[in-house]
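Subject: Structure for your records

Dear colleague,

Please find the sequence and structure below. Some notes on what came out of the analysis follow.

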Amino acid sequence: MPAAEGVILLHGLCRSAASMEKMAAFLEESGFVVVNQGYPSRSACVEKLSEATLLSALAHPSLKKCTKIHFVTHSLGGILVRSFFKRHPHGKLGRVVMLGPPNQGSEVVDCLKDWWLFRLLNGPAGKELGTTPDSTPNHLGEVFFELGVIAGNRSLNWINSLMIPGPDDGKVSVARAQVQGMQDLAIVPVSHPFLMKREEVMQLTLGFLREGRFSSGQSQTAS
């Protein structure tokens, strides 16, 4: 019997591990050892969150015997992965699937980050996710692990979408979900809050974790 592979799930800003439960159950049924890692997303900056969250997740006892450890992230969770692995190499790191990641930031943050209500609701990390060259996502540089990005192009938040050029999921544009060094891109007609819950997205995620690419019918040219 082949050795098990692990998957760490990381939710997005202002969410909890409960938002990833459907994805967790799906991946467990697909044969992975799953750690659905929660973290207090509004409590600290990206670097501090990434350090505490990923060190805790990687030390989980259930992952000890896994030959590889993959990641599936939603939104801010993807930036935590980029931040952590820029500082820490890890021999067991496998593939990463990011759902709606602000890999080049979001124009919504540019427009709203100085509002007191935005700061109250989103905390220090939320304010870091703008599109300027010195924003945290744009300061992290190219990725050096196997990465597949799933971006949504349907929005339920037309006010946010007015701030975002081009197709978007209500929080992040398809263009800004991408990052230099990624292996593959899939674009789905799903809005940001529901990316991790849709069957189509779960199947695409499983395909990338197993094969390092999305199915040919969904794969887009990475840029």
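With which residue does R176 form a salt bridge? The partner is E107, and the closest N and O atoms are 2.6 Å apart. A salt bridge here is a side-chain nitrogen of Lys or Arg within 4 Å of a carboxyl oxygen of Asp or Glu. R176 lies in the loop between α7 and β6 (184–188) and E107 in helix α4, so the pair ties together parts that are 69 residues apart in sequence. R176 is partly exposed at 22% relative accessibility, whereas E107 is buried at 11%. For these words, buried means under 20% relative accessible area, exposed over 50%, and partly exposed in between (1.4 Å probe, protein chains only).

Before the rest, the basis. This is a predicted model, in which local features need pLDDT of at least 70 and side-chain atom pairs count only at pLDDT 80 or more, while totals for chains, interfaces and linings use all residues. Residues are numbered from 1 along each chain as its sequence is written, and side-chain values use heavy atoms, with hydrogens and water left out. Helices (H or I, at least four residues) and strands (E, at least two) are DSSP runs, numbered from the N terminus.

Salt bridges

The count by this rule is three salt bridges. Besides the pair above, E51 forms one with R87, with the closest N and O atoms 2.7 Å apart. This pair links distant parts of the chain, E51 being in helix α2 and R87 in helix α3, 36 residues apart. Both ends are partly exposed: E51 at 25% relative accessibility and R87 at 31%.

R95 forms a salt bridge with E146, and here the closest N and O atoms are 3.1 Å apart. Since R95 lies in strand β4 and E146 in strand β5, the pair ties together parts that are 51 residues apart in sequence. R95 is buried, with a relative accessible area of 15%, while E146 is partly exposed at 33%.

Nonpolar cores

A nonpolar core is a set of buried Ala, Val, Leu, Ile, Met, Phe, Trp, Tyr and Cys residues joined through side-chain atoms within 4.5 Å. The largest has 42 residues, of which I8, F71, L76 and L147 touch the most other members. Elements giving two or more residues to this core include β1 (6–10), β3 (69–74), β4 (93–99) and β5 (146–152) among the strands, and α2 (46–58) and α3 (76–87) among the helices. The largest share, six residues, comes from α3. A second, separate core of 25 residues includes F32, L195, L204 and F214.

Contact means heavy atoms within 4.5 Å. Not counting residues up to four places away in sequence, F71 touches a set of residues that includes I8, L54, F85, V97 and L209. R95, the salt-bridge partner of E146, is also touched by F71.

Other sites

N160 is in helix α7 (residues 158–162) and counts as buried at 8% relative accessibility. Leaving aside neighbours within four places in sequence, N160 is in contact with V108, G170 and K171.

W116 lies in helix α5 (residues 116–127) and is exposed, with a relative accessible area of 61%.

Regards
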